[in-house]
Amino acid sequence: MAGEYLPSGALNVRPLQDDLELWEVEGGGYMVVDAGRQTLLEASPTALSPFDGVPGNLLYGGLGQYFTFDSIRAVDLRTGISESSRELLAATKDQIAATRDRLVVSAMDVEAVRRKTDPRWKNPAASLNSTSSDLEHVKSGDIRQRVPNYGYVTGSRIYENATGICGWVAGSIVTRYWHARSSSRKLLPTKYRSGTNMTSTPNFATYLQGKGGDATWAPNIEERLAWNAKQQKVGYVSSWALGAIGLFPEIDGGYPVIVFGDLPLGKKKKKGAHAVVAYGETNSGYPIAHYGWDGYTNIILNGATVGSTARFRLK
C-alpha cells in the first residue's frame, strides 16, 4: 500500500473532491482512492496519472472523466470544455456511486496512507537478529495452498540479507524457483548455478542488483528480473503493482510474488520496511512467506502493510 509523502521521485498524494485522493508515482502508476469508504476507484500500475502535471483543484468524475475547477467553472482535461463547478460537483456524486458499485477490488486498507508504509525507503531491510525470533511460523493444519514445487522457494540458497539488499535476495529466490522448476531453460547464468540452486559465490543477488539501487519497491526488481531473463534468452512475463492488488490471484495461479512494505519484524509487534517472497496462503487468508533469512522460510505475513508487489514467471 502507498504511504506517507516522500521526497521528489517517489509517491505524491493529492486531494480530489470529497474524500477522494489521487496517489501518483513518478514515472508511471497511479490510484484514485475513496479514503472515506476504503475503496479503490481506478488504478494503473504503469500509466501516468490522468492529472499528471495539472495544477490547482482536481475533480474525478469516474473512469475517463477528469477535471480541474475553481469556485465558478470546471474544465474537462480531455476536451477543454468548461461547465458550472456547482453542477458538475453534484453530478459526480452519482457518477462516483455508480463507479463504486462496479468495483472489482474493494475494502482496501486505505487508512494505511496515513502511516509510514511507502515501499521506497532508503534503508529497507533489517538483518536477522533477536527481534525476528517471534515471527509466526505457519502450522501444517493452517495451510490452504502453496505454489507448485514450493520447496524450490524454501530450499533456495539465501544470501546475506543486509540493509539495502532485501529485495535483491527476494529476487534471487524467485529466480532460483523458476530456474529449478524449468532447469532446461537455464534462467540462472552459468557461473551462478549449483545444480538447480545458486552458487554461494559469486553472489547472484548482487549480480541481479547491478546498478538497480536499493530494492525498496517493486519496479526496479521487476525490471532487473526481466533483464536477466532477456540476457538468458528465456521467455517470461513480469509486472508490478501498487499495494496488494492481485497478490492472491498470482498465488492461486501458482506463481510466487515478491512483496514490499511495512512488514512484521518480530518482538513487540515491531514492523519495518522489508521485502519477502509470498508463496502460499493460510486458511485464515494470510500470505505464507520466505522472509529471506535462514530459518524463516514459512512465516505467516500477518499484520503487514503491503506497499507494492513484483511478479515474474516463465512463459
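## Salt bridges, cores and a buried arginine

Asp-18 counts as exposed, because its relative accessibility of 60% lies over the 50% cut-off. This residue belongs to a predicted model, in which 4 salt bridges are found.

**Salt bridges**

- Asp-18 and Lys-93 are joined through their side chains in a salt bridge with an N to O distance of 3.3 Å, and this pair connects distant parts of the chain, since Asp-18 sits in the loop between S1 and S2 while Lys-93 belongs to helix H1 (residues 85-101), 75 residues apart.
- Lys-93, the partner of Asp-18, is partly exposed, its relative accessible area being 47%.
- Arg-14 pairs with Glu-24 in a salt bridge whose closest N and O atoms are 3.3 Å apart; because Arg-14 is in strand S1 (residues 11-15) and Glu-24 in strand S2 (residues 20-25), the pair ties together parts that are 10 residues apart in sequence.
- Both ends of that pair count as buried, Arg-14 at 15% relative accessibility and Glu-24 at 10%.
- Glu-281 and Arg-144 form a salt bridge at 2.6 Å, N to O, which links strand S14 (residues 270-282) with strand S9 (residues 143-146), the two residues being 137 residues apart.

- The largest nonpolar core contains 63 residues, and Ile-258, Val-259, Tyr-291 and Phe-312 have the most contacts inside it; its largest share, 8 residues, is contributed by H3.
- A second, separate core has 12 residues, among them Leu-22, Val-32, Val-54 and Tyr-60.
- Helix H3 (residues 166-181) should span 22 Å at 1.5 Å a residue, and its end C-alpha atoms are 23 Å apart, which agrees; 15 of its 16 residues are buried, so H3 is largely enclosed by the rest of the structure.
- Ile-258 touches, among others, Ala-170, Gly-171 and Val-174, as well as Ile-221 and Leu-225.

**Arg-224**

- The side chain of Arg-224 instead reaches two backbone oxygens, that of Leu-208 at 2.8 Å and that of Tyr-207 at 3.4 Å.
- Beyond residues up to four places away in sequence, Arg-224 touches Trp-168, Tyr-207, Leu-208, Gln-209 and Gly-210.

Methods. Residues numbered from 1 in each chain as written. Predicted model: local features only at pLDDT ≥ 70, side-chain atom pairs only at ≥ 80, totals over all residues. Heavy atoms only, no water. Polar contact = N/O pair within 3.5 Å; in protein donor to acceptor, adjacent residues only side chain to side chain. Contact = heavy atoms within 4.5 Å. Helix = DSSP H or I, 4+ residues; strand = E, 2+ residues; numbered from the N terminus. Expected span 1.5 Å × (residues − 1). Buried < 20%, exposed > 50% of the residue type's maximum accessible area, 1.4 Å probe, protein only. Core = buried A, V, L, I, M, F, W, Y, C linked by side-chain atoms within 4.5 Å.
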